[in-house]
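Try each one yourself before you look at the solution.

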Amino acid sequence: MGTNVANHASHDDQRTRVAVVGTLAEFHREPIPYNLGALVQLVSELRPDLLCLDLTPEKWQRGDFDGLPPEYREALLPLSHQTDIVVVPIAGQHPPAEPSGEGWRGRAIAVLRRWLAYLQRTAPNPAAVVEGPRHHLADLLYEAMAWLAGPETYRAWKAHTDYLSRQVLEVARRDPGRRILVAVNLRHCHHIRPTLARHPGIRVVPYTQL
Amino acid sequence: MPGTMADTHLVIFAHAALHREAWRALLSGQPGIRLAGAAGDLAAVTSFLPAGQPGAVLVDQSPPRPDLVRRLKAAVSDCGLLLLVNTYDLGEVIPLLQAGATGCISRDSPVGDLARGIIAAGRGEIVLPPPIAGRALAALARGESVGEPGAGSVADLVEPLSDREAEVLRLLAQGLTNKDMAQTLILSVRTVEAHLRSIYGKLGARSRTEAALWAVKHGHGLPE
């Protein structure tokens, strides 16, 4: 029994550890209420080997960070530049457009978007967005927005999330046994985590246990 | 957090007290760097660096002199020596590398680049902008002052390099740091380090510089 437990622990240690954290990164024009230094501190202490970001390889290679959310532009990218954290751009070439709609659907989406912006504006720290009630509520609002925008938008976002998951899996396959932090818009978290967890070589952990 | 990288212990070497304080203020909060001390004389430098930890000395002397580098290298042989320079003039840089400098960084560099250079120097990596590093390595390879690894050519290797190792060796010969190689290949720095250890073993190289010079001499530094 004891040996089995030891073997299991040893097997666990060899698996690629992945933590998926959510951001409200869509609102790159919204002021971030908390100090981004807190996010830098958090990721700096985690010191992942690889940091997967929802960013296209083309933008990454061009160093074109102007349109990126402040969490990326002002916190995670400068941190990775000066440390050993390797950035992995995992977005596809054509990320889907934000959900939108005509008539009452469009108005409803606009209201939900204001709620999301409020959730971001009132977040006291990065951890409040990464987990907890605010995180789950924002996820529900995103889900509702995609649903309101119609099946095509819904499918496009689902496909984007699937693409991100596949890219993370590919990274884990190429460089097994490393510590990977995935920092993406929180609407993807609840789909990426179970997809990754189904793979025997990957152990999905809370970010605090990375 | 198992397996995280150790911080690089940094000692600042500058004659002027104000310069030392300025560097201390600038670098003390940088991720991955632990400021071990600041000194204006050689004897104090050694006392600040803990044994068995990656360490680097940032040398602020204008212009940097090879004789000082030699004395520093003799005092702290396990540490990386990173020198601040006004320009990347090969006529200035190569004597410094030959004297034992790990790398040079321009005084015009952003703080992020400096922090990154300190971490790389702490691991004994050549710190220079890649085009300059490639030319410096080519110039050093033409000289006779650096030792040769055991293997004479690729065909002489007892165990051939894997495709990935050949790729890493090419980037090494171009003067990239481990982080730059890792970012280029989208692999972790640890994986690149593992490939480098394997490469050193296969080449019979005793150091990174030996392996890099071997690669340059055998044409591995050419772009694909």
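The exercises below go through a predicted model.

**Exercise 1.** Work out in which order the strands of the chain B sheet lie, and which of them stand at the edges.

*Solution.* Start with the general idea: strands of a sheet pair through backbone hydrogen bonds, either parallel or antiparallel. In chain B, 5 strands form an open sheet in the order β2-β1-β3-β4-β5, with parallel pairing. Next, look at the ends of that order: β2 (33–39) and β5 (103–106) of chain B each have a single partner strand, so one side of each is left without a neighbour in the sheet. Finally, from one strand to the next the twist averages 25°.

**Exercise 2.** Find how many bridges join β4 of chain B to β5(B), and the bridge partner of Leu82(B).

*Solution.* Begin with β4 (residues 80–85) of chain B: 4 bridges join this strand to β5(B), and the two run parallel. Then pick out Leu82(B), whose bridge partner in β5(B) is Gly103(B).

**Exercise 3.** Identify the strands that helix α1 of chain B lies across.

*Solution.* Follow residues 17–27 of chain B, which form α1. This helix lies across β1 (8–14), β2 and β3 (55–60) of chain B, and runs at about 155° to β1(B).

**Exercise 4.** Describe the side of chain B that touches chain A.

*Solution.* First count the residues: the contact takes 20 from chain B and 19 from chain A. Then locate the elements: α5 (111–122), α8 (178–185) and α9 (189–203) of chain B each supply at least two residues of this side. The largest share, 4 residues, comes from α5(B). Sorted by class, the side of chain B has 9 nonpolar, 8 polar and 3 charged residues.

Conventions:
Residues numbered from 1 in each chain as written. Chains lettered and ligands numbered in written order. Predicted model: local features only at pLDDT ≥ 70, side-chain atom pairs only at ≥ 80, totals over all residues. Contact = placed C-beta atoms within 7 Å. Nonpolar A, V, L, I, M, F, W, Y, C, P; charged D, E, K, R; others polar. Pairing = 2+ DSSP bridges. Axes fitted to C-alpha atoms, helices over the stretch in contact; angles between N-to-C directions.
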